[in-house]
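Here is my note for you, in numbered points. Keep the model open beside it and look up each residue as you read.

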Amino acid sequence: MKHVNLMAQLTFRDALMRIALVLSVVTLIVWFMPRETHHNFKVELGKPWRYADLTAPFNFVVYKSEAQQKVLRDSLLRDFEPYYIMNKTIGPTKVREFLQNYNKEVAALADYKSIIANRLRNLYDVGIVDTKSPMPELPDSVFSIRVVYEKNATSEVIADLYTAKEAYEELINDPAFDNHHALISELNLNDYIVPNVLFDRERSEASKQDLISGMPIANGVAQRGQKIIDRGAIVDEQKYLVIQSFLMESERRSQADSQLTTTIIGEFIYVLLLMTGFTLFLSIFRSDYFEQLRSVGMIYALIMLFSIFASLMVSHNLLHVYFIPFAMVPIFIRVFMDSRTAFMAHVVLVLICACVLQYPLEFIAVESTAGLVAILSLRDLSSRSQLFWTAAVVTFASCLMNLSVDLITTTSLTSIDLSDYNYLMVCGIELFCSYPLLYIMEKTFGYTSNITLIELSDMNKEPLRSMSEVAPGTFQHSIQVGNLAAEIARKIGAKTQLVRTGAMYHDIGKIQNPIYFTENQSGGINPHEQLSDIDSAGMIISHVTEGLKLADKYNLPESIKAFISTHHGQGKAKFFYVKYKNEHPDEDVDELLFTYPGPNPFTKEQAILMMADSVEAASRSLPDYTEHSIRQLVNRVIDGQLADGFFRECPITFRDIQYAKTVLIEKLKTIYHTRISYPELKK
């Protein structure tokens with residue numbers, strides 16, 4: 001009862017983890033989605049309209065172009081009068097300073113003291129304008145200004161006012177000082193001439209904005225339902241203005257809080273439905289992947305990362321979405337899992353990314369074709385060249401599909417935009433990077449690709465080379481088991497390369513003490529004669545634990561280690577177990593001393609290896625090799641494994657087991673066929 005409750009608790013916990021994973025992925029994808037995705041297209045003046053027919057979904061104002069608005073703005077600013085403030089206190093203050101300091105000046109001009117003071121008063125009454133900072137910022141067309149004194153503002157011509165330089169020249173060039181110009185210049189009159197007409201920036205800017213705000217910027221109104229442009233039509237200046245105005249109004253509307261909230265909710269539901277549907281597909285049709293958190297994690301991580309890449313590229317208007325190699329997703333999933341899962345994941349990814357595009361038809365058609373071709377070209381990945389071939393075929397199929405869509409929607413070949421094909425070519429080059437990225441995926445999620453398995457099967461690899469030298473009998477046995485197991489796997493639809501590579505390494509533990517195994521003994525020497533049955537059984541069983549140690553030493557993948565630990569399951573070293581029981585009939589036997597550590601096989605491939613290994617080893621003890629003896633041996637060995645429950649934890653069917661028996665019988669008959677005796681030549 002406690003065990004049932006524990007299993008239920010684990011199942012509930014796993015379900016919660018997967019629900020949390022789905023919600024996290026959906027949230028991240030929606031978070032990075034651009035909010036203005038509804039009208040995301042590129043408008044080029046003088047180029048054909050590449051998208052579907054565009055119709056106004058609402059009424060909006062058509063704005064004038066920037067050039068038109070600039071001309072109108074310059075025209076209005078010709079009448080603009082900046083504001084200045086007349087400060088009446090500056091003039092009297094400076095005149096007073098002059099009179100106070102006059103006694104310290106040149107005494108020869110004492111009679112001109114009052115004349116200079118009057119001239120200064122006259123200059124300040126006319127106005128000395130400040131020209132240091134504001135005047136360069138004013139338009140060249142400004143000829144008059146508004147001078148504010150107390151509550152009154154009057155329009156003054158700039159030419160009628162003095163600058164500080166002009167006021168100084170006006171003073172020293174006065175005819176009354178004709179005979180004393182040299183002395184006048186020594187009075188430092190510049191110290192008493194400063195601007196008293198000061199620029200009012202705040203009031204000027206307000207007046208300027210009022211003037212510009214009244215400028216008519218509308219060039220008409222587009223009515224709801226009005227056709228803006230047809231697909232393939234040339235974007236002339238007027239259509240360009242209408243489209244740009246439509247984009248501006250759409251962005252303004254999308255920035256409203258209510259619209260933004262609605263958009264986010266819609267995107268969340270959209271992505272959640274797709275991810276939930278895909279999750280249900282995994283749980284119903286691919287439960288073996290669904291139960292493995294690493295499998296679910298890898299698929300969801302690929303979908304999430306590529307969706308975020310697409311969203312960022314659209315948000316920042318970078319290049320084109322065709323620049324992203326979406327076909328990598330089905331390639332990775334197909335290599336590590338199966339074709340059906342790869343295609344479903346790719347469809348979900350394409351539909352999610354299509355959500356961020358204005359017109360997704362072409363994108364869905366092109367990327368769905370690319371993913372399907374990638375899956376079909378990788379039915380059995382057995383060499384590196386297949387990935388390069390896949391990249392070339394995917395690129396060709398994508399360009400061909402894009403061309404077909406262009407031919408459907410354009411009027412002539414000359415109007416086809418070739419930029420999309422450039423991006424598809426670059427994307428094909430990026431697919432060549434799938435091979436080095438496979439290694440990263442393997443290390444990240446703990447998978448083993450067929451390419452890695454083929455590399456591990458190389459006879460020059462250190463563990464295999466050592467086995468061929470130290471334990472040649474075991475090496476030949478492993479090769480034979482690999483051939484038998486691969487044939488069974490091919491017959492029942494299991495992973496052929498995985499089971500073949502697993503067979504090559506399943507007995508590497510025998511390298512440590514090869515002489516204790518019959519296939520490596522020669523000359524009639526049997527070291528077990530010097531050992532007790534328990535010690536002999538321990539020595540035989542130790543090849544599993546020693547094999548796992550060597551696997552760790554040579555960094556073999558977990559999938560290969562599983563073959564080492566399960567190829568005997570939790571069976572017994574029967575020869576020494578039966579021998580010990582016969583010799584000690586009245587003694588209780590500790591069966592653990594004769595039992596392999598296991599576990600029992602938990603995959604179809606591991607079950608295949610157990611059957612092939614046991615049958616191949618037992619076949620060497622047959623006294624004669626007839627069809628009857630071989631069939632009887634195969635049935636006895638495999639039926640015994642079934643009776644012992646070795647296959648209860650792996651997904652292999654009775655039909656698969658029957659096929660395995662048939663393959664083993666036929667192959668052993670071929671291996672041990674009898675030869676015709678050649679006659680001797682009579683002398």
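1. Let us begin with one term: two residues are in contact when heavy atoms of theirs lie within 4.5 Å. Among the contacts in this chain with a separation of 6 or more, 77% join residues 24 or more positions apart.

2. A word on what you are looking at. This is a predicted model, in which local features need pLDDT of at least 70 and side-chain atom pairs count only at pLDDT 80 or more, while totals for chains, interfaces and linings use all residues. Residues are numbered from 1 along each chain as its sequence is written, and side-chain values use heavy atoms, with hydrogens and water left out.

3. The chain has 27 helices and eight strands (DSSP runs numbered from the N terminus: H or I of at least four residues for helices, E of at least two for strands). Of its 683 residues, 44% count as buried (under 20% relative accessible area, with exposed over 50% and partly exposed in between, using a 1.4 Å probe and protein chains only).

4. The largest nonpolar core has 69 residues (a nonpolar core is a set of buried Ala, Val, Leu, Ile, Met, Phe, Trp, Tyr and Cys residues joined through side-chain atoms within 4.5 Å). Helix α11, residues 293–315, gives the largest share of this core, with twelve residues. Met 275 and Ile 303 have the most contacts inside the core. Leaving aside residues up to four places away in sequence, Met 275 touches Ile 303 and also Val 22, Val 25, Val 26, Tyr 300, Val 348 and Ile 352. Another core, of 51 residues, lies apart from this one and includes Leu 456 and Phe 647.

5. Which residues form one aromatic cluster? They are Phe 306, Phe 309, Tyr 322, Phe 326 and Phe 363.

6. The structure holds 15 aromatic pairs (rings of Phe, Tyr and Trp, the last by its six-membered ring, with centres within 6.5 Å; planes under 30 degrees apart are stacked, over 60 edge-to-face and the rest tilted). Phe 575 and Phe 576 make an edge-to-face pair, 5.0 Å centre to centre with 85° between the planes. Is each one buried or exposed? Phe 575 is exposed at 60% relative accessible area, whereas Phe 576 is buried at 10%.

7. Tyr 577 and Phe 594 are also edge-to-face, at 5.6 Å and 65°. Tyr 577 lies in helix α24 and Phe 594 in the loop between α24 and α25, so the pair ties together parts 17 residues apart in sequence. Phe 594 is buried, at 0%.
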